[in-house]
Amino acid sequence: MINESKIFNNIIGYDNIKTTLLRIIDVLNNQKKYKKIGSTIPNGLLLYGPPGTGKTSIAKEFINNINRKKYIVRKVKSNGRFIDYINDIFKEAKENQPSIILLDDLDKFSENDNKTNNEEYVTIQSLIDDIKNEDIFVIATANNINVLPYSLKRAGRFDIKIEFGNPKDEDAFKIFSHYLKNKKIDQDINIRNLSYILTNCSCAELEKVCNQAGIYAGYKNKDSIGMEELLRAALELKYNTNIEEEKEDKYTIRTAYHEGGHILIREILEPNSVLFATTINVESTTKGLTVYSNNENYSDDIQFMKNTIKSLLAGKAATEIVYHTADTGCNSDLHKVYNIAREIVDNYCAYGFDSWFHFSNETSEKVKESKDDKVNKLISDYYVEVKEILIENRNKLDRIATELKNKKILFKDEIEKLIKC
């Protein structure tokens, strides 16, 4: 009897995925229980998603907790010999039932990604069909599911498909904390703040940040890794920038006010939602950045969309309030603003049905003009509203901009304190 409480203990995060896999393990290990109530045993399991997300580690843990003979197949031979190798594995699995076969990196089995009818995939389809009435379970991993033919990944061959994404939010925090466990770090390290920067990075990237920070600390002849080294490694990986090389210039305070506008309006409209903000150059194309927490119900929440428009307009508004001149760093913000505003006016008809765009010859010029007029009015009205809020809270805007200029980066806890002052 397998103790489920110990399965996947060495896998950090991905709780929902692990719960699903535990159910499948129970089905495969206790088939009589499920057949008795009329349930059929699934034919196969496909785990897919970006590289470095732990698919292979979880797949191996999965098969190690299945009470059957195990086989692992990876592309290690040339094409002709590989086909023979796959056939031999399935033949042996058939002779040693019950068994389980792991096809690791299935999307790399073929050397020609442009064809979905490659011999390797055709062979695997045929072999899976051949074992449908046998007690053999097939699990596969793939980075790019799109290169696999639909006929191979459809239900009947792979009944269960689970997508792996890069760890976000709490998962990113847990995994990053795990990689730091065996490192010698300073006591004042704020792992939570660092995880805000690293959300949506792969597990491999999170591990790389920890190791790179250690290299930076060692080069300085330090006995432990500090926040400074971890912050440098995180920003370097995520945004291809080095905070230590960032030099203050006459535009830094202006950037700080721009980002300060984003921060202040966002926090007023959506409290505690700014994760961090910085004045650094992001990937050498954008100076400054403010990152908000995700809203899973974004497309279903019109008010949140409106608040997002206002938050995006706040950078331009803050700069123009303080410097009395047009903001030249708001182009990216305005593109996002107009996209969201069109979605509200057009897709959701939130301001009437006379601006719904058909994307065909049926759409009259009058409707197009109505849509443009409503989008422009909505944005203009929100811009006035945002300016009024910033002027009313000018002392907070000044305080945030000053702190951001001095520290180069502000995190959630620091921002919350500045807002409450």
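The legends below describe close-up views of a predicted model.

**View 1. Overall fold of the predicted model.** The protein contains 16 helices and 8 strands. Its C-alpha trace spans about 80 × 70 × 45 Å along the principal axes. Of its 421 residues, 49% count as buried. Among contacts between residues at least 6 apart in sequence, 72% join residues at least 24 apart.

View 2. Leaving aside residues up to four places away in sequence, Phe62 touches Phe8, Leu21, Ile24, Ile25, Leu28, Leu45, Ile100, Phe137 and Ile139.

**View 3. The largest pocket and its lining.** The space in this pocket is about 820 Å³. Its lining consists of 33 residues, of which His258, Glu259, His262, Gly288 and Asp333 lie nearest the centre. Two or more lining residues come from each of α11, β7 (286-292), α12 and α13. Strand β7 supplies the largest share, 7 residues. Sorted by class, the lining of the largest pocket has 10 nonpolar, 16 polar and 7 charged residues.

**View 4. The second largest pocket and its lining.** About 340 Å³ of space lies here. The lining has 20 residues, and Thr53, Gly54, Ser57, Tyr179 and Cys203 are those nearest the centre of the pocket. Helices α3 (55-64), α7 (169-180) and α9 (203-219) each give two or more residues to this lining. The most come from α3, which gives 4 residues. By class, the lining of the second largest pocket has 9 nonpolar, 8 polar and 3 charged residues.

View 5. An α-helix has 3.6 residues a turn, so residues three or four places apart point the same way.

**View 6. Cys349 and Asn272, two residues with positive phi.** Cys349 lies in the loop between α13 and α14. Its phi is positive, about 50 degrees, although Cys349 is not a glycine. Cys349 counts as buried because its relative accessibility of 16% is under the 20% cut-off. Asn272 lies in the loop between α11 and β6 (274-282). Its phi is about 60 degrees, again positive, although Asn272 is not a glycine. Asn272 has a relative accessibility of 41% and therefore counts as partly exposed, a class that lies between the 20% and 50% limits.

**View 7. The cis peptide bond from Gln97 to Pro98.** Omega of this bond is near -5 degrees. Pro98 sits in the loop between α4 (79-95) and β3 (99-103).

Methods:
Residues numbered from 1 in each chain as written. Predicted model: local features only at pLDDT ≥ 70, side-chain atom pairs only at ≥ 80, totals over all residues. Heavy atoms only, no water. Contact = heavy atoms within 4.5 Å. 1 Å grid on protein atoms, 1.4 Å probe; cavity = no way out; pocket = protein on both sides within 12 Å on 5 of 7 lines; lining within 4 Å. Points joined across faces, edges and corners; volume = space filled by probe spheres on them. Nonpolar A, V, L, I, M, F, W, Y, C, P; charged D, E, K, R; others polar. Buried < 20%, exposed > 50% of the residue type's maximum accessible area, 1.4 Å probe, protein only.
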